Amino acid sequence: MSNPAGDDLQPVQLRVNNHSRAAFPLDDLSKAIIEKLQADGRRSYAGIGKAVGLSEAAVRQRVQRMVDAGVMQIVAVTDPLQLGFARQAMIGIRCTGDTLKMAEKLSAIESVDYVVLTAGSFDAICEVVCEDDDSLLELLNTKIRALPGVISTETLVYLKLVKQQYNWGTR
């Protein structure tokens with residue numbers, strides 16, 4: 001499937017891996033490719049190749065290797081409000097037992113789009129995107145708080161998204 005820019009970047013979804021990832025070597029060319037894609041994820045491989053001094057095929061191979069290794073993902077970032085998701089929230093979770101298993105259970109919930117294990121007041125934090133407050137309440141009561149091992153939750157409701165970016169570069 002090709003996009004209008006003439007390349008065939010496929011969307012991928014990053015999932016939590018149950019194993020630690022081996023270090024993936026990033027040379028200056030791979031970093032330059034990442035930065036070009038962060039600026040414009042629809043940029044063609046040919047255009048990136050010209051900018052970094054590689055052939056289209058070489059760029060395509062490097063991108064595929066980086067995607068396969070979990071170094072990056074290429075996705076469309078949407079505005080939840082325009083898609084009918086009027087309520088976003090961050091939920092701090094205190095739990096007992098194996099936090100990795102809790103993170104897996106949280107990751108399996110459709111409305112949850114981000115899960116991290118933390119040190120401090122919470123054992124895990126997840127971000128959720130819901131249609132409305134009723135959907136958020138149902139999610140909290142029937143899916144998250146109902147998980148075995150959940151002691152308590154604290155919900156931080158988003159009032160306004162001020163900044164969201166994914167172009168922090170490769171430093």
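Modeller: The chain holds five helices and four strands, where helices (H or I, at least four residues) and strands (E, at least two) are DSSP runs numbered from the N terminus. Read from the N terminus on, these elements follow the order α-α-α-β-α-β-β-α-β. This is a predicted model, in which local features need pLDDT of at least 70 and side-chain atom pairs count only at pLDDT 80 or more, whereas totals for chains, interfaces and linings use all residues. Residues are numbered from 1 along each chain as its sequence is written, and side-chain values use heavy atoms, with hydrogens and water left out.

To begin with the charged pairs, a salt bridge here is a side-chain nitrogen of Lys or Arg within 4 Å of a carboxyl oxygen of Asp or Glu, and by this rule the count comes to four. In general, side chains of opposite charge can pair when their charged atoms come close.

One of these salt bridges joins the side chains of Asp-27 and Arg-62, at 2.9 Å from N to O. As to burial, the term buried means under 20% relative accessible area, exposed means over 50%, and partly exposed is what lies in between (1.4 Å probe, protein chains only). Arg-62 is therefore buried at 15%, while Asp-27, at 34%, counts as partly exposed.

Arg-62 also has a polar partner in Ser-30, for a polar contact of 2.8 Å joins their side chains; such a contact is a pair of N or O atoms within 3.5 Å, and within protein one atom must be able to donate a hydrogen and the other to accept it, residues adjacent in sequence counting only if both atoms are side-chain atoms. Ser-30 is found in helix α1, which spans residues 28-39, and with a relative accessible area of 5% it is buried. Apart from its neighbours within four places in sequence, Ser-30 is in contact (heavy atoms within 4.5 Å) with Arg-62 and Met-66.

A second salt bridge is formed by the side chains of Glu-56 and Arg-60, at 2.8 Å from N to O, and both residues lie in helix α3, four residues apart, or about one turn of the helix. Glu-56 is partly exposed at 35%, and Arg-60 is partly exposed at 28%. From C-alpha to C-alpha, Arg-60 is 9.4 Å from Ser-44, which is 16 residues away in sequence. Ser-44 is found in the loop between α1 and α2 and is buried, with a relative accessible area of 19%.

Helix α2 itself has Tyr-45, Gly-47, Ile-48, Gly-49 and Val-52 buried, and its buried residues pack against α1 and α3. Gly-53, which follows α2, has a positive phi, near 85°.

A further salt bridge, between Glu-154 and Arg-94, has an N to O distance of 3.9 Å. This pair, too, links distant parts of the chain, with Glu-154 in strand β4 (residues 150-157), Arg-94 in strand β1, and 60 residues from one to the other. Glu-154 counts as partly exposed at 38%, and Arg-94 counts as partly exposed at 27%.

The nonpolar surroundings complete the picture. A nonpolar core is a set of buried Ala, Val, Leu, Ile, Met, Phe, Trp, Tyr and Cys residues joined through side-chain atoms within 4.5 Å. In the largest one, of 20 residues, Ile-91, Leu-106, Cys-126, Val-128, Leu-136 and Ile-144 touch the most other members. At least two residues of this core come from each of β1, α4, β2, β3 and α5. Another core, of 12 residues, lies apart from it and includes Ile-34, Leu-37, Tyr-45 and Val-59.

For the chain of 171 residues, 29% count as buried. Among contacts between residues at least 6 apart in sequence, 66% join residues at least 24 apart.
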